[in-house]
Amino acid sequence: MREITLRIEPGTFLGVAGRSGSGKTTLLRHLNGLLRPTSGKITFDGLPVDAYGARALRRRVGLVFQRPEDQLFEETVYKDIAFGLSGSGLGPEETADRVREALHAVGLGEEFLERSPFRLSGGEKRRVAIAGVLVMNPSVLVLDEPVAGLDPLGRRDILDHIGGLWRDRGVTVVMATHDMEEIARYAGKVVVLKGGSIAVEGTPRDVFRDVDALESAGFEPPRITRLMMRLKEALPEIDDGIGTIEEAAEEIKRVYRGKGCGWKGHDKGRAHGGIFSRQFDPSPDGPEDKDTVGIRLYDACISC
Amino acid sequence: MTLVFLADGYPSFLLLMLFSLTVAGAAGRPLRCSVKGLKPFLLITLFTVALKAVAVSSISQDGSGCFNGVIREGAVLSIRIVLRLFLLLTAASLLTSTTTPVSLMDGLEALLKPLKRCHVPVHEAVTVMTIALRFIPVLLEEGERIYEAQASRCAELNSGNPLKRAVRCVPVLVPLLVCAFRRAEELAMAMESRCYRGSGAGTRMRRLSFSLADIVCAAVMMALAAAFTCIEYAT
């Protein structure tokens, strides 16, 4: 890592992107004191991290490793989640409350508490492991590719729960990921790493627009953003800094209405004729070079 | 390595030292590199030296009681041990760093072939050994990762008395074992899916054959052994 200057405001949802080996994990491991910088300094809440004891810091900055399910070891889910609280001086009732709270925060029911963590599915194990960090009520939650290798629905569900923690409890979230679409959906700020330094930094909107810098770091904007960029060539009034399909659908509807055309939910022909035919033909017998995102967007629009 | 155990006088140490450093140089391993590799063993060496010194002084006190003599005796023995360990480790690291595990395994198997007559499962035993060797660094890395993950969950891992520490190993040891078993299972699956059937069933991609280089090596080793014997008897 070289020349990293990064300020994470309380209550931010920060996405950290970067190709494998770009230093994501190394950066994250500095945040809770597992690694110490060889030069430079890290402060937390205005104090240098060395001023906190290791455990005091780790209670405030919860770090969820890659494949956190590998860390499970207790006989029951309850004991495993409560492990982080041992030695924190909490009474049994308070511990039980915190464990339940953490379990709900990752979307699991209380029927899991007495089960063995080794008999859960991969996604459930991962949730239990995240709960094992959440139980300490960290004010900053650092996650290293929390949903890598899970099925799409499980990914979305876990990320929605993390997003919920950020929104409802004001937890600062730092999340490393390879997925620009996840960043578009959840993050308020993005840092893209390249070769151990920051390549691009800013809000997802700004970062997605900086296509050259993004591509030099090995990424491209989400597919929906690329679609919006191409639409903008024909419709200059359209906003192309959009990263999610839902936002894109809203934006297209807005532009469409602004043009004085009505939007009728299931009128495929009009949607087709109104906007898409100028750029894409999403119909099944359309030309060969049709963009699959066009079809997804089309579906999203007509289901709105 | 056998010679290292037999060596007694300084000239023979010097000879072996020269030899191993030359070979290391010829293998393209700079001296700095081999010294660096010895670092982890420094502690063991120091421990051995200390133990030896204590043992020597306790023996000698019964005898002459001459303090100077004890110190000298201890120092001499210590130097010898350090030299011996250094040579052993250099030779061992030379072997593992120049020879791939596969050819090491093939060689070992060829050497132990006669035992097959007595129904010793040579191939299987060698395979087990090679796998163990191969997975030591993997498990070390994994252990470190799990250790850090548990430390991030505020585990107290290295404080308290030895008994408490042993108990606190559990959060690292259990996941590590689970991982080891999972890896073993995956490896077994991978071998199975490549139709691995144990000894005698497969052919080799690279056959080991006796070449000129081997003859030269054998000759050099013989010469070394001869020189060693001469020096040992002469002193």
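Student: How many other C-beta atoms lie within 10 Å of G195(A)?
Tutor: There are 13, so G195(A) is partly exposed. A residue is buried with 20 or more other C-beta atoms within 10 Å of its own, exposed with 12 or fewer, and partly exposed in between; C-beta atoms are placed from the backbone.

Student: What am I looking at, and how do I read the labels?
Tutor: This is a predicted model, where local features need pLDDT of at least 70, side-chain atom pairs count only at pLDDT 80 or more, and totals for chains, interfaces and linings use all residues. Residues are numbered from 1 along each chain as its sequence is written, while chains are lettered from A and ligands numbered from 1 in the order in which they are written.

Student: Where does G195(A) lie?
Tutor: G195(A) is in the loop between β7 and β8 of chain A. Strands (E, at least two residues) and helices (H or I, at least four) are DSSP runs, numbered from the N terminus. The C-alpha atom of G195(A) is 8.7 Å from that of G18(A), although 177 residues separate them along the chain.

Student: What order do the strands of the sheet in chain A take?
Tutor: The order is β4-β5-β6-β1-β7-β8. That is an open sheet of six strands with mixed pairing. Two strands pair if DSSP finds at least two bridges between them.

Student: Which strands stand at the edges?
Tutor: β4 (61-64) and β8 (197-202) of chain A do. Each has a single partner strand, so one side of each is left without a neighbour in the sheet. From one strand to the next, the twist averages 15°.

Student: How many residues of β6(A) are buried?
Tutor: Four of its five. β6(A) covers residues 172-176.

Student: How many bridges join β5(A) to β6(A)?
Tutor: Five, and the two strands run parallel. β5(A) spans residues 140-144. β1(A), residues 13-18, also pairs with β6(A) in the parallel sense, over four bridges. Look at V174(A) in β6(A): L14(A) stands opposite V174(A), and V142(A) stands opposite V174(A) too.

Student: Which helix lies across those strands?
Tutor: Helix α1 of chain A, residues 24-31, lies across β1, β4, β5, β6 and β7 (189-194). α1(A) runs at about 155° to β6(A). Angles run from 0 to 180 degrees between N-to-C directions, and axes are lines fitted to C-alpha atoms, for helices over the stretch in contact.

Student: New topic. How many helices and strands are in chain B?
Tutor: 10 helices and zero strands. Buried residues make up 10% of the 235 residues in chain B.

Student: At what angle do α6(B) and α7(B) pack?
Tutor: About 150°, with their axes 10 Å apart. α6(B) covers residues 101-111, and α7(B) covers 122-152. That angle makes the pair roughly antiparallel. Under 35 degrees counts as roughly parallel, over 145 as roughly antiparallel, 65 to 115 as roughly perpendicular and the rest as oblique.

Student: Which residues make the contact?
Tutor: On α6(B), they include L104(B), M105(B) and L108(B). On α7(B), V126(B) and L133(B) are among them. Two residues are in contact if their C-beta atoms, placed from the backbone, lie within 7 Å. The contact has seven nonpolar, three polar and two charged residues. Ala, Val, Leu, Ile, Met, Phe, Trp, Tyr, Cys and Pro count as nonpolar, Asp, Glu, Lys and Arg as charged, and the others, Gly among them, as polar.

Student: How many residues of chain B are in contact with chain A?
Tutor: 15 residues of chain B are in contact with 18 of chain A. α7(B) gives the most to chain B's side, with six residues. That side divides into 10 nonpolar, two polar and three charged.

Student: Last one. What is the phi of R67(A)?
Tutor: Near 45°, a positive value in a residue other than glycine. Most residues other than glycine have a negative phi. R67(A) is in the loop between β4 and α3 (77-82) of chain A. R67(A) has 19 C-beta neighbours inside 10 Å, so it counts as partly exposed.

Student: And where does C195(B) lie?
Tutor: C195(B) is in the loop between α9 and α10 (212-234) of chain B. C195(B) has a positive phi of about 60°, although it is not a glycine. With 8 C-beta neighbours inside 10 Å, C195(B) counts as exposed.
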